Amino acid sequence: MQAKSVSEFSPLQLKGFLRTHGRGFLVSAIVAAAAQFLSDHYGAPAMLMALLLGIAFHFLAEEGACKPGIDFTARTVLRFGIAMLGARISAELMIGLGPRLIAVVAAGVILTIIAGLIGARLLGRGWRFGLLTGGSVAICGASAAMAISAVLPRNEQSERNLIFTVLSVTVLSTLAMIVYPLLTALFNFDDTAAGVFLGGTIHDVAQVVGAGFSVSDQTGEVATLVKLIRVSMLAPVVLIISLAIRHYAAPQVSEEKRPPVLPMFVVSFLIFAALNSFDLIPPQVIAAMSDLSRWALLVSIAAVGMKTSLKRIFEVGGQAVVLIVAETVLIALWVLIGVTLINH
């Protein structure tokens, strides 16, 4: 049963809702704040810290007063954060790089998702896992994993697969932030080519920014732009997945239990992106929405961490690690070859 939005409650119902869910949300927010503190003072990725700290508090999500709020935060707050991401996207972003580089980046996203599905089948994993890992590697790491997970049919492995995927792409993205700038120097890329490579291959936005600006200011700007182009593909990919699941994967499910054709958080994402494309959102509001989105995702990933135990993560198996590493290598090789050919 899905949680209601806050606007649907009367004052009395709202008070009861806060009493029931407030503790779980508050403990998730505290974990997220601690993760951000570690990130600010020690350079650790905030998402990774939120996951690990959340896992340490798994006992709170098993039973007790915090459980309803943790469930609410892991699902509803997550969707809210994804919707706010739309304010960072605009059509103007896609014009500056030229059609060939955009085509390389877009094709890399599609190829990686398809490879995830094929690889999952070859390794005996379910199609849900292939979509989850392929989409997270292809688009924007943890944010994409959580968005795709939100529209996938639930089963007993859903939480485990999500936490494994988020943890894996965060670790791989951090390694890429260190290694990939060295590759741009090895291949003697100019600032633009280096930015396209970094933005087109590294999973998470924060690591893209860190890697890009470690090379040069221009590389950092181009890398961030390319990364946001990948992020802009999140909504259409989630929509296509939702439509495919509705048509093919759940014909036996009754109409009222089917996932919506277009989830509300995806609609919101698209609306904000359209408003930003027409310069209808002031820069100060965009900055505020970006910060709100980042904090909502950080709080929700802390809650997701609380919902999964380390034992369940280790049950995923070596084949899952092989799959997500292979997807990471695939998109890196694709963008590397594309950038090299275009530059020559």
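These legends describe close-up views of one predicted model.

**About the model.** Residues are numbered from 1 along each chain as its sequence is written, and side-chain values use heavy atoms, leaving out hydrogens and water. In this predicted model, local features need pLDDT of at least 70 and side-chain atom pairs count only at pLDDT 80 or more, while totals for chains, interfaces and linings use all residues.

View 1. The chain has 17 helices and 0 strands. Both are DSSP runs numbered from the N terminus: helices are H or I with at least four residues, strands are E with at least two. Of the 344 residues, 53% count as buried. Buried means under 20% relative accessible area, exposed means over 50%, and partly exposed lies in between (1.4 Å probe, protein chains only). The chain exposes about 15,900 Å², an area from the Shrake-Rupley method with a 1.4 Å probe. Carbon and sulfur atoms supply 68% of that area. A contact means heavy atoms within 4.5 Å. Among contacts with a separation of 6 or more, 79% join residues 24 or more positions apart.

**View 2. The largest cavity is lined by residues that include several from α7 and α9.** A search of the whole structure finds 2 cavities of 30 Å³ or more. A cavity is a set of points, on a 1 Å grid over the protein atoms alone, where a 1.4 Å probe fits but cannot get out; lining residues have an atom within 4 Å of a point. Grid points are joined across faces, edges and corners, and the volume is the space filled by probe spheres set on the points. The largest cavity has a volume of about 80 Å³. Its lining is R128, F129, L132, S149, L152, P153, R154, N155, S158 and N161. The largest share, 3 residues, comes from α7. By class, the lining has 4 nonpolar, 4 polar and 2 charged residues. Here Ala, Val, Leu, Ile, Met, Phe, Trp, Tyr, Cys and Pro count as nonpolar, Asp, Glu, Lys and Arg as charged, and the others, Gly among them, as polar.

**View 3. F17 and F72 form an aromatic pair.** The whole structure holds 6 aromatic pairs. Rings of Phe, Tyr and Trp (its six-membered ring) pair if their centres lie within 6.5 Å; planes under 30 degrees apart are stacked, over 60 edge-to-face, and the rest tilted. The ring centres of F17 and F72 are 5.1 Å apart and their planes stand at 80°, so this pair is edge-to-face. F17 lies in α1 (residues 11–42) and F72 in α4 (residues 67–84), so the pair ties together parts 55 residues apart in sequence. Both residues are buried.

**View 4. F57 and F59 form a tilted pair.** Their centres are 6.2 Å apart, with 40° between the planes. F57 is partly exposed, at 34% relative accessible area. F59 is also partly exposed, at 49%.

**View 5. Four aromatic residues gather in one cluster.** The members are Y180, F187, F189 and F197.

**View 6. N188 and D279 have positive phi values.** Most residues other than glycine have a negative phi. N188 has a phi of about 55°. This residue is in the loop between α9 and α10 (191–201), and is exposed at 67% relative accessibility. D279 also has a phi of about 55°. D279 sits in the loop between α14 (264–277) and α15 (283–306). At 61% relative accessibility, D279 is exposed.

Technical notes. On a 1 Å grid over the protein atoms alone, a cavity is a set of points where a 1.4 Å probe fits but cannot get out, and a pocket is an open set with protein on both sides within 12 Å along at least five of seven lines; lining residues have an atom within 4 Å of a point.
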